[in-house]
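Let's walk through this one together, question by question. Have the viewer open and follow along.

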Amino acid sequence: MRDLPINLLRTFMVVADTLNLTEAAKYLHKAPSTISMQLNRLEDLVANPLMERGQHGVRLTAAGLQLKSHAQQLLNLHDQIVGSFQNIDIGGKVRLGTHDQYASRTLAPLLEEFILSYPEADLEVFCDHRPDHLVAMLEKGKLDIALVEMLADTEGGTRLRRDELVWVSSKGHNVEQQPVLPLAVFDEGCYHRLYACKALDEVGIRYRIAFTSQSRAGVLAAVRAGIGIAIIPHHTVEDDLNVVEDMPALPDTEVTLFMAPKVNEATQRLGRIIEDSPMFSGAAASAS
């Protein structure tokens with residue numbers, strides 16, 4: 001049986017996450033042709049096609065999906081072994097503040113990578129739906145680093161990815177056609193709630209708060225049940241949700257990373273993992 005090189009598996013995982021050879025090449029600092037050659041070599045080693053290439057990106061085959069789950073486990077173990085030797089002197093407390101929509105999705109694999117690579121670091125994660133509150137906690141010394149959603153083209157932090165907010169509803173319910181629009185929103189202090197109410201008020205659409213939650217999972221559960229319509233970033237829309245057209249325009253937002261002025265090396269390493277991730281490769285970063 002032939003061994004599977006770690007570097008080929010790592011390239012495969014980046015492509016599997018981005019589903020785009022160009023984006024993967026940018027992240028890995030390699031030419032797209034090099035990425036293709038590495039994928040071809042990996043397919044030869046496993047004797048199965050792993051991806052189907054098309055004009056609009058790539059799609060994992062059944063074998064590719066199977067390899068993705070196994071490859072991640074192998075890379076995690078590899079990184080844990082290497083990290084236990086290389087990063088043994090990098091430790092200390094790392095206090096991260098973020099929104100539930102990041103902690104439960106894009107951040108999860110990055111945090112797993114961090115704790116495996118830096119076993120001596122003590123990671124503490126605090127979730128809150130209010131970006132201003134998280135930034136205030138950081139400024140007061142209660143957090144070391146914060147990943148939040150900010151209004152586009154405003155100041156502060158390192159901007160990682162630009163996105164648009166969209167209205168979403170359940171594919172099985174037409175709640176957007178009700179005479180008084182029911183909303184499923186976060187508690188007061190969330191930008192999504194503020195922008196939704198402001199946009200509806202400006203065009204005179206009647207609405208009511210039908211469901212309130214402090215978590216993304218709660219809001220989307222209400223949407224799927226037909227209780228209300230919600231606002232989420234476009235890149236987080238899931239397959240069973242419907243993007244509602246012909247609704248008031250919403251502002252663009254930016255995934256933004258804030259870091260306290262004086263932090264330990266472990267916190268800086270986490271910041272670099274987040275900044276370098278292909279998950280946040282959608283926009284040019286700017287710092288202030």
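Before the first question, one cut-off: a salt bridge here is a side-chain nitrogen of Lys or Arg within 4 Å of a carboxyl oxygen of Asp or Glu. Please keep in mind that the model is predicted.

Q: Which side chain of opposite charge is nearest to D100, and how far away is that side chain?
A: D100 sits in helix 5 (residues 100-103), and D100 is buried. A salt bridge needs a nitrogen and an oxygen within 4 Å, and D100 has no salt bridge. The nearest side chain of opposite charge is R216, at 6.1 Å.

Q: Leaving aside neighbours within four places in sequence, which residues are in contact with D100?
A: Contact is counted between heavy atoms within 4.5 Å. Once neighbours within four places in sequence are set aside, the contacts of D100 are C127, S215, R216 and A217.

Q: How many salt bridges does the count come to?
A: Side chains of opposite charge can pair when their charged atoms come close. Some of the bridges are joined up: a network links D153, R159, R162, D252 and E254. By the 4 Å rule, the count of salt bridges comes to 16.

Q: Which helices does the salt bridge between D17 and K68 tie together?
A: The closest N and O atoms of D17 and K68 are 3.6 Å apart. D17 is partly exposed at 35% relative accessible area, and K68 is partly exposed too, at 27%. The two residues are 51 residues apart in sequence, so the pair ties together helix 1 (residues 6-18) and helix 4 (residues 62-86).

Q: In the salt bridge of E188 with R193, which residue is buried?
A: The closest N and O atoms of this pair are 3.3 Å apart. Buried means under 20% relative accessible area and exposed means over 50%. E188, at 59%, counts as exposed. At 13%, the buried residue is R193.

Q: What is the N to O distance in the salt bridge of E52 and R59?
A: E52 has 41% relative accessibility and counts as partly exposed. The side chains of E52 and R59 meet in a salt bridge, with an N to O distance of 2.6 Å.

Q: What is the angle between the ring planes of F114 and Y118?
A: A search of the whole structure finds two aromatic pairs. F114 and Y118 form one, with 5.3 Å between centres. F114 is buried at 0% relative accessibility, and Y118 is buried at 9%. The pair is tilted, and the angle between the planes is 35°.

Q: How far apart are the ring centres of Y191 and Y195?
A: Both residues are buried. Y191 and Y195 lie in helix 8 (residues 191-203), four residues apart, about one turn of the helix. Their planes stand at 35°, so the pair is tilted, and the centres are apart by 5.6 Å.

Conventions
Residues are numbered from 1 along each chain as its sequence is written. This is a predicted model: local features need pLDDT of at least 70, side-chain atom pairs count only at pLDDT 80 or more; totals for chains, interfaces and linings use all residues. Side-chain values use heavy atoms; hydrogens and water are left out. Buried means under 20% relative accessible area, exposed over 50%, partly exposed in between (1.4 Å probe, protein chains only). Lys and Arg count as positive and Asp and Glu as negative; His and the chain ends are not counted. Rings of Phe, Tyr and Trp (its six-membered ring) pair if their centres lie within 6.5 Å; planes under 30 degrees apart count as stacked, over 60 as edge-to-face and the rest as tilted.
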